[in-house]
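Biologist: Before we start, could you take me through some of the terms used for this model, one at a time?
Modeller: Gladly; here is the structure.

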Amino acid sequence: MPKTQPAGLLVASFAQRPDLRDKVFAPEIQSAVPEFMRHDPAGALYYGNGQLDHYREFGLVAVDSAQPDRPVARAFSVPFAFGDGTKGREELPDGGWDAVIRWADQDRRARRPATAVSALEIMVAPRLQRRGISRLMLTALRDNARRLGFADLYAPLRPTDKHREPLTPFADYVARRREDGSPHDSWVRTHVRAGARIVKVAHCSMVVAGTIAEWSRWTGLSFTASGPAIVPGALSPIHVSLEQDHAVYVEPNLWVHHQLG
């Protein structure tokens, strides 16, 4: 495993370090995202029982060289067919994260050759965030896709800071620029600085639905009225229906394209 500078991390695929795959789902890293995000059913096609075995070369783990058996970050990606004449694959899907996982699953089952890779997540242990590790993992994802013979890496980005403004329309938020012309959001800015091109908004990238009791368990909140509700960590309000005993969260993301060739 080559040493990744300057954070002193060792980065490997799960094909190289299968012993670490289950460890990256420990609370130390898993706590980096809100609980409700772990209940998107499309995720089971990638993270479900035995599914990760199909994508061992596309998942990465980082450890500190001083503690090589304790993961500090993870990155997952998935190969899929795009722009190859496959019907319905002429443009990136509005369904974003959910859709590209479904596409990859369909491709694998149909034995359709993949032509591109999509990043799915980069997650860093909260105690080590804001130290540049996410940027290093992005570089590692780019290098890994290139190593596997791909010239294109896409990503349905979850803007890091959008949860602080859940009522701001997503398109307005991602269009915001700093004085130097770079994107306002720090994670979008990181991708752009790494060479990514912004493609479009994925309006329905993740969909999480549950009963009122489930949402209360996921968030620790009580829901006493129907209508939009603000949930910590969500990029936009969830939609609550006490009458139907459910709440639904539809998360928009931002498609970007890293050309690797």
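Biologist: Why does Phe 80 count as buried?
Modeller: Buried means under 20% relative accessible area, exposed over 50% and partly exposed in between, with a 1.4 Å probe and protein chains only. Phe 80 has 0% relative accessibility, so Phe 80 counts as buried. Tyr 154 is buried as well, because its relative accessible area is 9%. Keep in mind that this is a predicted model, in which local features need pLDDT of at least 70 and side-chain atom pairs count only at pLDDT 80 or more, while totals for chains, interfaces and linings use all residues. Residues are numbered from 1 along each chain as its sequence is written, and side-chain values use heavy atoms, leaving out hydrogens and water.

Biologist: How many aromatic pairs does a search of the whole structure find?
Modeller: The search finds 17, where rings of Phe, Tyr and Trp (its six-membered ring) pair if their centres lie within 6.5 Å, and planes under 30 degrees apart count as stacked, over 60 as edge-to-face and the rest as tilted.

Biologist: What makes the pair of Phe 36 and Trp 215 tilted?
Modeller: Their ring centres are 5.5 Å apart and their planes are at 35 degrees, so the pair is tilted. Both Phe 36 and Trp 215 are buried.

Biologist: And why is the pair of Phe 80 and Tyr 154 called edge-to-face?
Modeller: The centres of these rings are 6.2 Å apart and the planes stand at 65 degrees, so this pair is edge-to-face. Phe 80 lies in strand 4 and Tyr 154 in strand 6, 74 residues apart.

Technical notes. Helices (H or I, at least four residues) and strands (E, at least two) are DSSP runs, numbered from the N terminus.
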